[in-house]
Amino acid sequence: MRIAMIGAGYVGLATGACFAELGHDVRCHDIDQDRIGLLARGETPIYEPGLHAVMENARAHGRLRFLEHVEDCVGSADVIFIAVGTPSAPDGRIDLSQIEAAARLVAGHLKPGAVVTVKSTVVAGTCRRIREIIAEEHKSLDFSVAANPEFLREGSALDDFMHPDRIVIGCDDRRASALLAELYRPLTERGTPLVSTTTVNAELIKYAANAFLALKIGFINEVADLCEQVGGNVTSVANGIGLDRRIGPAFLKPGPGFGGSCFPKDTRAFAATGRKYGARQHLVETLIDRNEARKVWLARRVLTEPALPKHATVCILGLAFKAKTDDIREAAALTIISQLQRAGLRVRVHDPEAMANGKQRIKNVEWADSPYEAARGADAVVVLTEWEDYRHLDLRRLRAEMSGRLVFDYRNLLSPTDVVSQGFKYISLGRSSPKSPSRKASMGIPALSGIDQRVAAPHSD
C-alpha cells in the first residue's frame, strides 16, 4: 500500500520507518526542508534505539523516501498520515494550527478514495474539523478522515509499533475502516487486537489511556512519600500492588515526576477538554499540579539537607525525562537544576544522550563527558534519569572523585547497602537507608531560611 507521512518528527519517522519495514511504500514530507534534506542523506535527527538501522534498510529497498514537494508525496497515496505537532496553549488546550495547516496542504493533491488519517494526538472532534477543512478546499473530492492514535514510547518505539498491545482505528465510514484494517494486517495476523471504533472514541482512547498511566505514576510517587513516613519500602509495596492482575506492575516505580512530550501535554489537554464541555477531570487536574510541585520539592530536599555546604557543587546525572531517549522536554532535571541555581549552587551535568539538547536549553552549568567527571569535587550527586550507566556506577571511584558524601537517588537505581557501605549518606524515594538516620522530619515542609527561601513551596492539597 502507498503511504504518505506528513511530518517527519519523532512519531512520523518511527511510524513511517515501521510501515516501510512491513513492506509498504512510504513517502515522507515535512515543511522543514533542512530536515528532509538531512533524512534524504541518510542521517537521523533524533535518538531512538534501532531507528537508524530500520530507516537505512527501508531506504536501501526503495520503500522509504523523503520528498521536498508535498504533491510528490501525497498524489498517489492510499493513506495520508498527519503526524505534526500539537503543542500546548497556556491554558492547557492544544494548538491545532499545525494539524489544520497540514490538512489544507494535502487537500488539493488527494486522489479519490484517499483516507486522511490523524496520527497526532488530538482532542475529541478534531477529525470532524479536518473533514470540514478538506471539504472546503476540495469540494468535489470523495475522501475519508480517520483517527489512528499512536502509542509509541520514546526509547522503545520500534518494538511498540511492531508488537503493540492493540491498534486503535477510528473511522466514520466502512471504506476507511476496511482500508486501515488492511494496512495493519501484517500485525493483526500475528494476533494483535484491532479496536475499530468512531473517530471521537479513538481520540478519547488516546487521552484517557495516557491520563490513566500518568495517574499511576502520581499515585506511586505519593505512596513512596508515605512509605518514608511510616518506615515502609515502596519497592515491596509496588511489587505487591502490581501482582494484582487488575492493576499490573507497569508505571509503579517512583521518580521525580513525569515529563516528556506526551504525559504533561496530554494530561493538560484532557483536563482542558473536560473544562470546555463541563465534565471536569478533577483527578487529572490535581495530578498535574502535584507532578510539577514534586519536581520543586525534590530540589528542596537537596537544598535543605543539613550536610550540604552553603555554596555547594551538585552533580546531576541525567537530563532526559527517561532513559533511552535524548528528549528533555518537561524533564524533572530542568526544574531541579533551575531551583539549585537560584539558590546559588554550582551545577555540573552529565547525560549519555541528551547533553546536546540540554546545551540549547540550560545555561550556566558545567558539562561533563562522564559521570565521574561530573562528580569531581562535587558535594552531592543527584540521579535523575534511569540510565543503565548510572545503575552500574563504580561507587568506590565515585567516592574518590567527590568532595562530599551525599547521594540523592531519585530513580532508586542503586542498592542502599552498597552505597552506604562506601561511606555515603543515601537519600532515595520511599525506602530507608541502612545505618542512616530517619528522615521523617525532612519529609514535612519546614520553614526555610537563607538561600532556601528562594525555593518555591510545593503545592498542597
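The following questions and answers concern a predicted model.

Student: Is R348 buried or exposed?

Tutor: R348 belongs to strand β10, which spans residues 346-350. A residue is called buried when its relative accessible area is under 20%. The relative accessibility of R348 is 9%, and therefore R348 is buried.

Student: Which residue has its backbone oxygen 2.5 Å from the side chain of R348?

Tutor: Beyond its neighbours within four places in sequence, R348 is in contact with several residues, including A374 and R376. A polar atom of the R348 side chain lies 3.0 Å from the backbone oxygen of A374. At 2.5 Å, the side chain of R348 reaches the backbone oxygen of R376.

Student: Why do the buried residues of α11 line one face of the helix?

Tutor: In helix α11, residues 234-242, the buried residues include V234, A238 and G242. In an α-helix there are 3.6 residues a turn, so residues three or four places apart point the same way. Viewed down the axis of α11, the buried residues line one face because they fall within an arc of 65 degrees.

Student: Against which helix do the buried residues of α11 pack?

Tutor: At the start of α11, a side-chain oxygen of N233 comes to within 2.8 Å of the backbone nitrogen of T235. The buried residues of α11 pack against α10 (199-230).

Student: Which strands are the edge strands of the open sheet of 8 strands?

Tutor: The strand order is β3-β2-β1-β4-β5-β6-β7-β8, with mixed pairing. An edge strand pairs on one side only, and these strands are β3 (64-66) and β8 (194-197).

Student: Which residue in β3 is the bridge partner of R27?

Tutor: Strand β2, residues 25-29, pairs with β3 in the parallel sense over 3 bridges. The bridge partner of R27 in β3 is R65.

Definitions and conventions
Residues numbered from 1 in each chain as written. Predicted model: local features only at pLDDT ≥ 70, side-chain atom pairs only at ≥ 80, totals over all residues. Heavy atoms only, no water. Helix = DSSP H or I, 4+ residues; strand = E, 2+ residues; numbered from the N terminus. Buried < 20%, exposed > 50% of the residue type's maximum accessible area, 1.4 Å probe, protein only. Polar contact = N/O pair within 3.5 Å; in protein donor to acceptor, adjacent residues only side chain to side chain. Contact = heavy atoms within 4.5 Å. Arc of directions from axis to C-beta. Pairing = 2+ DSSP bridges.
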